[in-house]
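This report is written for a reader who meets the structure for the first time.

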Amino acid sequence: MNRFNFFLLAGLFLGLAMTGCSDDDDNPIPDPELIGNSKYILAAVGSDQLSVYLLTADDLSTGSLSLAGNGIEAEGFTFVTQNNTLFGSVFGGYSQGPTTAYNLDANGKLVKGITLNTPSCNFAVPVNKDAIVQGSVSYFVSSPTSSFTVLNAVNPQITSTASYDMFQMAGNGEMAYINGLFSIGSDELWAPYRCIKGVTGNQWGSDYMDSAWVAIFKYPDMTVKKIIRDNRTSFIGEGGSQQGLEKIDNGDIYAFSTARQGSTKPSSVTRIKSGTEVFDQSYLFDIEATSGGYKYARVTYVEGTRFLSEMYTDASIAPGAVSGLAKLAIIDVDKKTVTWVVNSPTYALSLFITPTYVESDKETINIPITDASTGVVSIYRVNISTATATKGVDITGASGIYAIEKMTY
Amino acid sequence: MKILLTGIFCAFSFLGIAQINSGKTIIAGIIKDKKGDPVIGASVIISKTKIGAATDPNGYYIIKNTPKGTYEVVVKSLGFKTQTNSISIQNGNQLSLNFILEEDPKALNEVIVQGKTTARKIQESGFNVNAIEIKKLINTTTDINQLLNRTSGMRIRESGGLGSVFNFSMNGFTGNQVKFFLDGIPMDNFGTSLQINNIPINMADRIEIYKGVVPVWLGADALGGAVNIVTNPNKKNYLDVSYSYGSFNTHRTAINTGYTSKSGFTVQLNAFHNYSDNNYKVDVDVANLTTGVYTSMRVRRFHDKYRNETIITSIGVTEKRYADKLLLGITLGQNKADIQTGNRMFDVYGTRKRNGDIVMPSLKYLKNNLFAENLKLSVSANYNFGYEQLVDTLFRQYNWLGEYRNKSTNPNILGGELRRTLYKYKNNNASLVTNLSYKFAEKHSLVLNNTFTSFNRKGKDELDPENEQNKQARKNFKNVFGLGYQYNLNERFNASVFLKNYNQSTTGYQTHTWQDEITYIESTYYTRLKNSMNNTGYGAATSYLLVNNLRIKASYEKTYRLPENTELFGSPIIDLLPNFDLSPESSSNYNLGLVYQFPLGKMHKFHIESNMIYRNSKDFIRPTLTSYSGVSMLQMVNQRNVRTIGIDGETRYTYNDALTVGMNVSWQNIRNVTKYEDNSSTVSLIYKDRIPNMPYLYGNANAQYSLKGVGNANNILSIGYNLTYVHEYYLNWPSLGASNTKLIIPRQCQHDANAVYSLKNGTYNITLECRNLFDAKIYDNFSLQKPGRSFSIKLRYFIAGNHK
């Protein structure tokens with residue numbers, strides 16, 4: 001009986017399992033101009049690490065926001081904004097995690113909208129101006145199918161689904177584990193993946209840690225157009241964190257690799273020139289050599305050739321654990337520089353995903369950071385030009401932030 | 001009322017003879033009433049001497065060393081006419097003398113305190129305990145889960161219908177903090193085929209619910225209390241057959257029979273079968289499998305069949321020189337359950353299921369007066385060879401209409417509805433429970449208990465046979481040792497103190513990844529990890545009769561609950577990581593209880609009871625999320641302290657033994673007293689918040705009326721009604737989020753009614769029952785809807801007899 005009590009309990013918590021969320025910063029298509037009134041929406045996780053509360057705010061630069069008696073109790077764990085609507089999906093142990101839509105009403109109050117039945121997903125990405133594609137990826141070779149669900153975000157419903165055999169995709173005796181989906185142009189989604197063994201006890205081991213792959217999918221039918229590979233770096237991005245592959249303003253695509261334990265390569269950036277589908281062999285940026293031995297953890301594209309990067313702080317530590325400590329830096333992929341952000345705290349990377357929001361001035365980035373000594377979660381505002389971080393609003397009662405978005409009303 | 005209750009047992013007088021040592025003069029026998037029920041606490045006195053004895057809970061008495069001569073034996077008991085019998089004693093005589101007492105209707109109205117049932121006696125101990133005498137309920141189709149729900153301080157929460165997964169809370173403790181026992185044996189060893197959601201009520205004689213302090217002889221590492229189901233009444237020859245049929249194609253059969261020959265040869269058999277389609281209607285959102293758009297509908301559950309068959313049999317001897325009881329037994333059983341839904345109704349399954357079996361040999365040994373008089377030894381041992389399995393092999397998505405789609409466009413590709421698995425495992429549970437008790441100088445008794453359990457999980461997934469992790473050691477040896485002393489001054493006062501030692505030793509594994517320096521090829525290997533823990537707890541309990549009919553009970557305990565096997569070893573099926581560093585949870589429990597009963601005139605009787613609790617619990621074992629290579633996993637950690645203050649009250653009124661009206665209410669203030677979360681230095685927002693997802697205010701009301709002589713003088717018709725109320729409570733922390741958006745488990749009110757018609761003094765019984773009379777929407781867990789109105793009929797035949 002105890003076992004079944006436990007299943008019950010555990011299953012409940014599994015609502016959280018799998019990975020975090022996505023946000024539209026990764027979408028290279030410029031954010032629509034925010035017309036009229038706007039509000040920030042924050043998805044904050046309660047101190048129990050279970051319940052999620054959707055908070056609205058006019059200003060993230062100062063003061064504090066409390067979860068006490070405040071915020072819509074929500075069930076989403078992956079959040080994405082499309083068509084001025086926030087979509088939150090339940091994940092993990094659930095096989096059919098619904099996706100719920102939220103809008104701001106005429107008074108700027110967040111209200112709950114339609115709920116859709118969607119397969120549980122690990123990440124989601126807004127595509128063009130009307131769609132969201134969710135990815136449900138396998139890391140078990142015994143059940144190697146990964147699937148994609150295309151949602152209509154204007155008239156919310158599933159428009160199509162597609163599935164792939166990841167064992168077959170890898171074609172090397174291991175399985176492909178898709179780290180995330182990135183919208184490249186209006187008719188393609190790029191999916192960087194790594195190869196893993198996918199067996200219990202050796203889930204993440206691989207004989208191919210020194211390779212990076214990207215599967216290029218046609219949108220909207222989600223057929224595989226091409227798979228490209230580069231052996232100069234380890235895999236691109238990090239499972240479910242929806243970062244690491246970015247199409248920048250000039251159309252070039254930059255790919256970031258942490259180089260985790262098992263890889264002999266340094267943490268590096270590679271490039272795919274605009275309009276091509278091959279890694280540019282003339283470009284390689286060794287982040288580790290430039291930063292003095294530090295590896296990149298997660299990036300947010302800001303503008304031009306500049307990225308805000310969270311960097312692992314201990315050069316000697318194998319960055320396998322995402323609980324590793326991080327510090328902020330600005331990476332210029334063209335100049336190949338790493339500039340440490342002034343006043344950046346040293347903090348533990350947030351669980352699964354770092355949600356960020358780049359203001360329309362393309363100068364200011366909002367990023368949540370949990371103070372290592374007080375445990376208080378705050379939104380830090382980083383100025384990309386001065387490379388300076390300033391502490392903004394405190395989110396009292398939160399143990400983490402799953403999404404920072406902005407919507408209009 | 002009493003007539004009805006006792007009438008369930010049939011009118012046959014036993015000619016039982018206690019085992020007699022030769023050489024001494026011994027008078028022994030059994031005293032029963034006209035219906036065949038043992039008369040408890042009757043005094044048997046040899047006239048002209050001061051020698052005498054009182055009958056035990058089974059109606060037996062024994063008088064030793066009566067001098068030679070001719071005497072009158074006088075039997076007296078409240079509520080019965082006094083009887084006498086002449087005897088003549090020679091040296092070395094062994095005399096069997098049985099009495100059948102006649103009720104004294106006049107006396108019945110005058111007496112207040114009658115012979116006490118075992119259940120009543122337990123309730124007078126210092127422990128905060130409810131003992132439910134099953135006799136009163138044996139004709140109902142109620143299962144043990146529902147019965148516990150009607151007990152103050154206790155809530156069983158089921159995820160659905162018959163056989164469904166359940167969780168419970170007792171005074172704010174849930175899950176593994178409360179332990180279940182079957183005849184003193186820890187039930188967590190039994191697997192799913194023998195659990196309180198399938199044991200028929202007819203198998204139980206009584207259920208003892210210890211709230212808070214658990215007595216020494218139950219060797220439990222419990223934090224919040226324990227439930228002990230006592231079966232196998234000391235009846236000798238009996239046959240109890242029942243069958244019930246009800247809504248949702250529910251069939252339940254139970255056969256309980258026992259035979260004891262004159263020579264002491266004993267056979268006992270409990271067999272039961274449960275089956276249900278559980279296809280009750282639920283109000284759900286039905287998903288369109290193509291568009292994902294939901295439509296609200298009322299549909300039948302379509303994949304929730306449950307069945308189990310279990311046979312518990314034992315064979316042996318009783319009342320021998322070397323053993324008062326020596327039984328060898330085996331429990332054989334199996335269960336199969338479809339899994340209709342996950343923890344939320346939006347997860348619908350059409351093929352997932354679980355199954356398990358139990359193959360458990362057992363040994364029971366009991367010896368009274370071992371080496372010395374009043375030194376009693378009992379030993380129980382068992383070993384469970386049973387397995388458990390989760391089956392999830394079809395790569396489909398279902399909706400509530402039973403429609404499905406393949407999750408892959410390639411029909412040949414493999415997967416599961418949730419996670420593909422055929423993982424089958426044996427836990428190889430063994431348990432050895434030893435109790436030694438010694439009563440000396442009349443008023444003193446010592447109890448020594450040692451409960452040893454072992455766990456050695458071996459499992460394999462035939463879909464993943466080479467899985468190295470499944471082959472690693474998962475062993476756990478747990479030993480709870482207790483020593484208790486009790487002092488019984490008299491009927492008015494008793495007190496006990498006890499000491500318990502909790503010991504656990506665990507063997508697990510650690511995963512290492514290793515990289516070849518030349519080839520850089522990574523490989524995984526495992527090393528063994530051993531851990532052990534040792535804690536000592538203690539406590540005291542006392543009971544005092546303040547004034548006539550007002551009893552006060554108080555107890556205190558410092559106790560531990562050790563981490564469970566899945567908490568230590570993890571479970572790949574539910575993405576749970578192991579944590580070998582878990583410490584036991586600990587708790588200080590204070591309990592205070594008052595019991596007051598009084599008559600009002602000749603016809604009215606009142607019983608009022610109230611218990612207060614105060615608990616301080618530390619290092620709760622709770623799940624947290626952690627990242628494992630970027631994928632979130634659960635892990636159990638020691639975190640959070642909880643303080644509970646609670647009160648429950650129970651009142652019962654009986655009129656002329658025909659009408660009983662009762663009510664109980666429980667209120668528990670269960671608060672989080674973890675001031676700082678994790679390594680935070682600011683006071684937590686949920687500091688002093690009520691613990692979420694736990695019922696805290698609930699109650700039960702019931703009424704029963706019996707009509708004697710309906711159709712025939714020996715027939716009784718009884719009509720009963722039961723109301724269960726649970727106040728609404730939050731799924732998540734109350735302080736967090738805007739109050740109008742919070743997810744709640746709504747207030748619930750369920751009405752049940754039943755009618756029992758007993759013929760021929762309880763030999764034949766017919767029961768009609770309606771549950772959830774007003775078809776209310778009932779939820780025990782968030783959004784998991786339980787069955788609506790249902791009907792059932794139960795037929796029961798009971799006969800108890802003499803040696804033939």
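## A loop residue with positive phi

Glu319(B) is located in the loop that lies between strand E22 (306-318) and strand E23 (325-338) of chain B. The model is predicted. Although Glu319(B) is a residue other than glycine, its phi is positive, near 55 degrees. Its relative accessibility is 26%, so Glu319(B) counts as partly exposed, given that the buried class ends under 20% and the exposed class begins over 50%.

## Chain B as a whole

Chain B contains five helices and 52 strands. It has 804 residues, of which 57% count as buried. Among the contacts in chain B with a separation of 6 or more, 65% are made by residues 24 or more positions apart. The chain exposes about 32,000 Å², and carbon and sulfur atoms supply 56% of that area.

Glu567(B) belongs to helix H5 (residues 565-569) of chain B. With a relative accessibility of 2%, Glu567(B) counts as buried. Its side chain makes a polar contact with the side chain of Arg561(B) at 2.9 Å. The side chain of Glu567(B) also reaches the backbone nitrogen of Glu564(B), at 2.6 Å.

## Aromatic rings and charges

Over all chains, the structure holds 37 aromatic pairs. One of them joins Tyr509(B) and Tyr526(B): the ring centres are 5.9 Å apart and the planes stand at 75 degrees, so the pair is edge-to-face. Tyr509(B) lies in strand E34 (residues 493-515) of chain B and Tyr526(B) in strand E35 (residues 522-547) of chain B, 17 residues apart. Tyr509(B) counts as buried at 6% relative accessibility, and Tyr526(B) is buried with a relative accessible area of 16%.

The charged end of Arg396(B) sits over the ring of Tyr404(B), 3.8 Å from its centre. Arg457(B) lies over the face of Tyr425(B), 4.4 Å from the ring centre.

Asn548(B) is found in the loop between E35 and strand E36 (550-561) of chain B. With a relative accessible area of 60%, Asn548(B) is exposed. Asn548(B) and Tyr596(B) are 48 residues apart in sequence, while their C-alpha atoms are 8.8 Å apart in space.

## An open sheet in chain A

Five strands of chain A form an open sheet with mixed pairing, in the order E3-E30-E29-E28-E27. Strand E3 (64-66) and strand E27 (357-358) stand at the edges; each has a single partner strand, so one side of each is left without a neighbour in the sheet.

## Backbone features in chain A

The peptide bond from Tyr219(A) to Pro220(A) is cis, with omega near 10 degrees. Pro220(A) is found in the loop between strand E16 (212-218) and strand E17 (224-230) of chain A.

Ala259(A) has a positive phi of about 65 degrees, although it is not a glycine. This alanine lies in the loop between strand E19 (253-257) and strand E20 (268-272) of chain A. Ala259(A) is buried, with a relative accessible area of 1%.

Conventions:
Residues are numbered from 1 along each chain as its sequence is written. Chains are lettered from A and ligands numbered from 1 in the order in which they are written. This is a predicted model: local features need pLDDT of at least 70, side-chain atom pairs count only at pLDDT 80 or more; totals for chains, interfaces and linings use all residues. Side-chain values use heavy atoms; hydrogens and water are left out. Helices (H or I, at least four residues) and strands (E, at least two) are DSSP runs, numbered from the N terminus. Buried means under 20% relative accessible area, exposed over 50%, partly exposed in between (1.4 Å probe, protein chains only). Contact means heavy atoms within 4.5 Å. Accessible areas come from the Shrake-Rupley method with a 1.4 Å probe; for residues, only the protein chains shown count as cover. A polar contact is a pair of N or O atoms within 3.5 Å; within protein, one must be able to donate a hydrogen and the other to accept it, and residues adjacent in sequence count only if both atoms are side-chain atoms. Rings of Phe, Tyr and Trp (its six-membered ring) pair if their centres lie within 6.5 Å; planes under 30 degrees apart count as stacked, over 60 as edge-to-face and the rest as tilted. A charge sits over a ring if NZ of Lys or CZ of Arg is within 6 Å of the ring centre and within 35 degrees of the ring normal. Two strands pair if DSSP finds at least two bridges between them.
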